[in-house]
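Subject: Structure handover

Hi,

Here is the structure I promised to pass on to you. Please open it alongside this email, and then read on for what turned up in it.

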Amino acid sequence: MASIILEYGLYLVILVALGIPLGGYIERVMAGEHTFLSRVCDPVENGITRVLKIDREEEMDWKQYLKSVLAFSVCGLVFLFLLLMTQGFLAGNPQGVKGMRWDLAFNTAVSFVTNTNWQAYSGESQLSDLTQMLGMTVQNFVSAGTGIAVLFALIRGFNKVKEKGLGSFWVDVTRVIVHVLLPLNLVLALALIGGGVVQNLKGGETVDLLEPIAVSADGNVMDNAVIDQNAGTVSVNGKTVAGATIVTQEFVPMGPGASQIAIKQTGTNGGGFMGVNSAHPLENPSSFTNSLEMLSILLIPVALCFSFGRAVKNKKQGIAIFCAMFICLCVALAALAVNEQLGTPELAQNGSVDLSWSAEQCGGNMEGKEARFGIVSSSTWAAFTTAASNGSVNAMHDSLTPLGGMVTMLLMQLGEVIFGGVGCGLYGMLAFAILTVFIAGLMVGRTPEFLGKKIEPYEMKWAVLVCLATPIAILAGSGIAMSIPGVVDSLTNSGAHGFSEILYAYSSCGGNNGSAFAGLAANTPFFNITLGMVMLFARFLPIAGILAISGNLVQKKRIAVTAGTLSTTNGTFVFLLILIVLLIGALSFFPALSLGPLAEFFSQMM
Amino acid sequence: MQVRIKKSGTWTRAIVFYLMLTMICGVIYPLVVTGLGQLLFKDQANGSIIEVNGKKYGSALLGQQYTDNAHMWGRIMNVDTHTYKNKEGKAVMYAAPSNLSPASDETAALVAQRVAKIKAADPDQKETAIPVDLVTCSGSGLDPGISVAAANYQVPRIAKAHHLSEAQVKTIITQCTSGKFLGIFGERTVNVLKVNLMLDGIL
Amino acid sequence: MAYHEKSKRVLADKKMIGRAVKDSFIKLNPRVQFANPVMFLVYVSAILTTGLWVCSWFGIQDASGAYTLAIAVILWFTVIFANFAEAIAEGRGKAQADALRSAKKDVDAHRIPSAEQKDAITVVSSVALKKGDLVIVKAGEIIPGDGDVIDGAASVDESAITGESAPVIRESGGDRSAVTGGTTVLSDWIVVCITSEAGESFMDKMIAMVEGAARKKTPNEIALQIFLVALSIIFILVTLSLYSYSLFSARQAGIANPTSVTTLVALLVCLAPTTIGALLSSIGIAGMSRLNQANVLAMSGRAIEAAGDVDILMLDKTGTITLGNRQADDFIPVDGTDPRELADAAQLSSLADETPEGRSVVVLAKERYGLRGRNLEEKQVSFVPFTAKTRMSGVDYDGIAIRKGAADSVKKYVLDNGGTYSKACEDAVLEVSNKGGTPLVVAKDFKVLGIIYLKDIIKDGVQEKFADLRKMGIKTIMITGDNPVTAAAIAAEAGVDDFLAQSTPEGKLTMIRDFQKKGHLVAMTGDGTNDAPALAQADVAVAMNTGTQAAKEAGNMVDLDSSPTKLIDIVRIGKQLLMTRGSLTTFSIANDVAKYFAIIPALFLGLYPGLSALNIMGLSSPQSAVLSAIIYNALIIVALIPLALKGVAYREVPAGKLLSRNLLIYGLGGLAAPFVFIKLIDMLLTAFGLA
């Protein structure tokens with residue numbers, strides 16, 4: 001028991017210990033200060049700005065900034081869409097995969113541009129190496145860079161007084177990618193290769209099976225068949241089965257994996273190189289690679305809290321926001337851990353299956369989990385990946401216990417603000433902080449202010465939209481989906497769990513998370529298009545809102561801090577912030593959750 | 001001194017910027033990683049394939065399905081023989097996770113079947129509860145490992161089939177067991193393919 | 001103080017309640033309802049359920065007719081309760097407006113062409129008066145419009161607007177020149193230059209303000225409304241999607257959809273922030289009304305809210321921090337003068353001085369040395385009055401000249417006339433100043449006798465008040481014409497944070513601008529015309545009603561009592577207004593948790609019997625659960641009307657403590673209360689067999 005708690009605890013401690021210095025580094029980079037990597041990275045940054053003819057002192061107002069974000073995203077969207085449709089005709093396609101159908105290509109392009117990385121396809125069978133590199137890897141970098149850039153545009157709104165400019169989007173993205181993401185991922189990718197993650201330009205490999213497999217004429221695996229490999233015949237109970245074939249080889253997927261896996265973890269993208277993501281032994285082979293990949297999920301989101309504190313010259317504010325997120329994360333993790341460790345009566349089979357923890361096994365709900373990760377590393381990953389809007393998985397969320405699955409769903413439904421995506425999680429949380437200071441300010445009889453800037457109707461309007469974009473997207477999307485009778489065909493599970501599969505899909509896309517209750521066969525035109533719309537809505541409405549808020553804040557004067565100023569760094573504020581986040585999430589999704597995971601849980605109890 | 005830089009339009013800049021980043025992040029970065037990876041970790045970068053005398057006995061990292069009583073059994077697999085073909089166009093095996101809810105009746109029925117099958121294969125262990133990872137499907141469907149408890153559970157059956165002592169089987173298991181990272185993170189697992197290759201005298 | 005008494009009886013006033021009930025129904029007009037989006041949602045829901053009930057006559061129904069009717073009726077009551085809350089809040093203002101209207105009659109105005117031609121009167125109606133017209137008003141006549149006195153002086157009864165029956169003096173020039181239309185001249189006569197035309201007069205504005213007709217939504221109110229509307233939209237989506245969810249789940253289970261539209265509408269109304277939505281406008285009106293009760297007239301709701309944000313109070317020393325008058329505290333002889341001689345000279349020079357300061361010198365001399373006021377009639381006496389130029393006053397009798405006055409004036413006077421001004425005297429002057437006193441130097445025949453120590457008397461309890469303000473984060477700045485040394489001493493004794501000595505209008509203006517530049521919000525009180533620039537600059541500017549028209553126009557509030565301490569009350573009312581809104585919003589949202597626990601299990605029990613575990617209140621049946629929840633939702637509005645009108649309790653504590661306290665009461669209370677009351681209502685409904 002102690003070792004379990006130690007493992008959970010150390011994951012969290014190491015995460016924070018790495019996040020604090022990285023936070024400082026990112027802040028210095030974004031302020032254009034000198035760092036230990038400047039000698040290597042500055043020439044690259046200079047090269048880019050020179051080619052682009054960017055004035056590095058350029059100040060965009062919020063509309064220009066937004067226009068740049070949108071133009072850049074549209075470029076990525078169009079490029080990726082075309083690449084996915086035409087990959088079958090292009091080079092770098094050793095496996096000979098085909099181009100995607102238009103709706104899947106749309107869904108996938110949107111998914112990667114919005115930093116969601118929802119995958120209605122399976123990477124090893126539907127993407128060529130060229131697409132993985134030019135499409136997926138690139139989008140992983142730039143969508144993460146965009147999120148961080150927008151966050152810093154917001155920070156400048158708080159920092160500057162009576163100005164207009166929020167900085168230059170091009171410079172911001174360049175700095176993030178060149179100084180932060182590229183060096184970090186270069187190191188991480190090499191470490192992952194050392195741990196056994198594939199990285200080559202081959203399409204795939206076949207290896208021999210120790211035990212051949214008999215497959216009947218209609219394609220089903222025959223469990224009790226006797227195989228005579230020399231004769232090539234399959235017999236059951238002494239009778240030869242006609243038309244049966246023998247499979248003697250196994251497929252080993254390959255490609256430029258590690259380079260993409262590193263950035264999909266650090267950039268909260270989460271789009272797996274393989275279909276089953278980091279549960280795949282070639283994507284995440286050992287507890288060593290698992291630790292690296294898992295910590296990478298939350299590394300930058302945690303670091304950004306501290307960057308924020310430093311950037312607004314109020315480290316306590318960064319710590320307060322961090323604490324609010326961290327407390328939620330810990331509670332969610334605990335709830336997940338307990339439920340997964342307890343397992344279910346369906347698995348226990350009245351004691352004939354051993355679910356208990358011992359030195360030799362982790363026990364618990366091992367359905368959908370890898371033996372090398374066990375309950376602790378799988379639960380921690382599940383909490384991290386849904387807290388951050390990462391969406392990579394190392395265990396199948398569809399096979400989580402009802403309440404465990406509910407925790408992952410809720411973390412996404414809260415608007416991906418418990419650390420959330422790189423940049424976007426924090427700016428989402430700051431929108432919640434604006435709502436919180438508004439309510440709190442009223443309760444102490446003052447016009448609300450945050451970081452010295454007054455919160456007025458204009459800010460409220462956008463902050464409310466930012467906070468509610470996710471609930472609106474999820475409720476509308478899942479509501480429409482469930483009213484359509486045909487969706488039932490896509491489900492693996494029935495009843496309340498089937499409900500959860502659809503709810504999870506829209507929660508994941510509405511939170512720009514990208515993880516799935518993978519039992520849902522989502523590659524249908526209906527799901528591809530509606531989920532695509534949900535992702536676009538939940539990504540770009542908040543970006544527009546945040547930039548509008550920032551554009552308004554930057555013009556305001558700074559209000560002096562007095563004893564009457566409500567502290568936004570103390571325990572009460574942190575508590576209230578958590579409460580507001582939970583309340584909006586709970587009030588929006590209580591009915592949905594009660595028909596999904598709660599119904600499943602309580603039915604199981606009866 | 002004021003240098004006026006002629007500004008190009010947002011769209012032009014967006015396109016040029018995007019193409020530049022595609023070069024840097026999509027071409028240079030993965031190629032550098034591939035080059036370094038192939039240079040430093042050749043075996044790992046290429047799928048950790050176990051090759052003995054020119055024959056590729058699987059990847060150490062990918063699970064296979066074992067039903068032979070003389071083999072150690074691994075995690076439950078959802079075998080898929082439709083998706084992939086080898087160069088000769090013959091079907092090759094791959095696997096997928098079940099995605100079933102552990103609280104569903106379907107799971108309860110499947111687990112009951114698996115319990116019955118395992119108990120039937122090894123009557124000696126009838127009274128012992130079966131470690132959970134032996135009756136559940138993994139996250140990837142391709143899990144190469146099982147818990148030490150699951151490996152030990154099978155020792156009597158394997159020993160009997162190979163006419164080995166239980167201690168000898170356990171030695172093989174120990175040799176194929178990988179520990180936790182830093183002794184803390186993850187779980188100790190037994191690589192089933194390696195155990196079976198050793199049992200079969202190939203390794 | 002007529003309104004104070006009236007307001008205390010407000011809730012018991014049957015007539016007022018009758019009027020509010022009537023208004024509640026008048027307000028059912030869709031156009032009125034549309035102005036409040038949250039309540040408009042309830043209004044539409046009520047219409048919808050009524051429609052469903054009508055449909056049920058024809059067999060089109062998804063829930064029983066009686067149940068639908070019950071829901072419809074409760075929803076109508078919810079709407080009416082909200083209307084009632086607003087009507088009762090407006091009631092006070094309306095009563096006040098009626099009183100004002102009765103004072104504001106068309107009167108005959110005696111227009112004259114110029115101040116010199118007082119007899120060339122043309123009688124016109126007050127309505128016809130234009131800006132710049134001159135009118136003469138004599139004793140017993142009503143002043144026909146707002147204006148400035150340009151000639152004459154009169155005592156005026158202003159009780160019609162201030163409620164204060166004691167007459168006030170209005171005279172030309174100086175800071176007491178403004179008169180208000182509708183007030184009555186009691187004695188003498190004045191010539192008034194009209195400054196506002198009919199319909200825009202102070203009285204008109206006042207009526208509009210107290211009645212709430214001119215009430216515009218304040219920025220904070222708009223921001224809150226945005227939040228509430230957004231929540232409502234989310235809950236509309238929640239209920240719409242819930243219908244679809246329910247359909248899906250029922251289809252999976254192979255049963256009919258258990259969710260009726262009626263119940264979903266009930267759920268929607270329960271979830272929407274109706275409590276705060278219903279009370280929002282009453283809170284605003286009540287806040288304005290509380291301000292009116294304090295006899296302050298705000299020119300906009302914005303100003304009241306700004307008052308809550310103020311963190312710098314600029315207070316005039318005199319009347320606010322110290323008692324209006326300084327008092328003689330000691331006689332300090334110099335250069336070996338006999339104290340008695342000094343006291344005698346001081347008394348003599350003050351005999352004709354009718355100011356409180358002068359009187360206090362006479363009294364002190366009598367108390368200390370038994371010197372009695374003498375009858376000076378018999379001697380050859382002439383008094384020298386104080387002028388701003390000489391800054392001295394005194395008396396000449398029997399060829400002796402006694403002067404008392406500010407140290408530098410007396411020094412100049414003595415030296416100019418060949419006398420000496422000793423070092424000892426200068427030291428004594430400095431010492432008195434350092435103690436915060438005002439030194440008056442007394443000289444007899446150009447020889448300095450000594451000093452009268454005039455002391456400022458700090459009002460009782462001001463130190464505590466300022467300490468409280470400091471805890472709230474409000475800094476107090478004392479404004480005084482005293483020299484810096486004196487000002488510093490008084491400031492220290494009174495416990496203000498800072499002071500502005502030897503203040504000039506420009507000095508005040510600069511100070512306000514400096515504070516604003518640093519991000520502070522400044523409130524100040526002013527009365528004179530020379531205060532107008534500073535008043536216009538301040539964020540909250542309270543003009544005294546006794547002040548000039550210019551000051552009144554520059555300020556955004558008028559204090560009818562002309563009390564210098566009023567600023568502190570205004571800040572309190574401003575804060576209370578915001579707090580009430582915030583607290584009730586929190587309460588309203590926190591309520592939703594319990595309502596979910598009542599309704600969700602009720603909705604889906606048929607589908608998933610296991611969900612009965614969520615029925616933690618143990619409500620007896622699904623129907624009774626839904627009914628209890630919406631009955632609670634309607635009744636809580638009525639229950640909270642008194643709180644909305646009175647405002648939540650306010651204490652001078654730091655923001656953090658205030659937040660914790662309100663969070664505990666309204667957050668936790670809002671979470672717990674509905675659990676208790678919904679259960680109670682359910683028990684009652686069950687006991688009477690209603691559900």
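This is a predicted model: local features need pLDDT of at least 70, side-chain atom pairs count only at pLDDT 80 or more; totals for chains, interfaces and linings use all residues.

**Where chain C meets chain A**

The contact draws on 63 residues of chain C and 65 residues of chain A. Together the two chains bury about 5300 Å², and 74% of that area is on carbon and sulfur atoms. On the chain C side, C:Tyr245, C:Phe248 and C:Leu659 give up the most area to chain A, together 13% of what that side buries.

What about the polar side of this interface? There are 11 residue pairs in polar contact across it, both residues being at pLDDT 80 or more. Five helices of chain C each bring at least two residues to the side that touches chain A: α8 (219-253), α11 (301-309), α17 (462-471), α22 (566-604) and α24 (655-687). The largest share, 22 residues, comes from α8(C). Sorted by class, this side of chain C holds 35 nonpolar, 19 polar and 9 charged residues.

How many salt bridges are there between chain C and chain A? The count is 1. A salt bridge links the side chains of C:Asp309 and A:Lys454, at 3.6 Å from N to O.

**Salt bridges elsewhere**

Over all chains, the search of the whole structure gives 33 salt bridges. A few of them are worth a look on your screen.

In chain A, A:Glu45 pairs with A:Arg56, and their closest N and O atoms are 3.1 Å apart. A:Glu45 sits in helix α2 (residues 38-52) of chain A, while A:Arg56 belongs to the loop between α2 and α3 (62-86), so this pair ties together parts that are 11 residues apart in sequence. A:Glu45 is buried, with a relative accessible area of 4%, whereas A:Arg56 is partly exposed at 35%.

Another pair in chain A joins the side chains of A:Asp103 and A:Arg101, at 2.6 Å from N to O. A:Asp103 is buried, with a relative accessible area of 1%, and A:Arg101 counts as partly exposed at 42%.

In chain C, C:Lys118 forms a salt bridge with C:Asp151, with 2.9 Å between the closest N and O atoms. C:Lys118 lies in the loop between β1 (108-112) and β2 (122-125) of chain C, and C:Asp151 is in strand β4 (residues 147-157), so the bridge ties together parts that are 33 residues apart in sequence. C:Lys118 is partly exposed at 22% relative accessibility, and C:Asp151 is partly exposed with a relative accessible area of 23%.

Finally, a network of salt bridges links A:Glu370, A:Arg372, B:Arg75 and B:Asp143.

Strand β3 (residues 233-236) of chain A is joined to β4(A) by 2 bridges, and the two strands run antiparallel. In this pairing A:Val236 stands opposite A:Lys239 in β4(A).

Happy browsing, and do write back with any thoughts.

Best wishes

Terms used:
Residues are numbered from 1 along each chain as its sequence is written. Chains are lettered from A and ligands numbered from 1 in the order in which they are written. Side-chain values use heavy atoms; hydrogens and water are left out. Contact means heavy atoms within 4.5 Å. Buried area is the accessible area (1.4 Å probe) that two parts lose on being put together, summed over both. A salt bridge is a side-chain nitrogen of Lys or Arg within 4 Å of a carboxyl oxygen of Asp or Glu. A polar contact is a pair of N or O atoms within 3.5 Å; within protein, one must be able to donate a hydrogen and the other to accept it, and residues adjacent in sequence count only if both atoms are side-chain atoms. Helices (H or I, at least four residues) and strands (E, at least two) are DSSP runs, numbered from the N terminus. Ala, Val, Leu, Ile, Met, Phe, Trp, Tyr, Cys and Pro count as nonpolar, Asp, Glu, Lys and Arg as charged, and the others, Gly among them, as polar. Two strands pair if DSSP finds at least two bridges between them. Buried means under 20% relative accessible area, exposed over 50%, partly exposed in between (1.4 Å probe, protein chains only).
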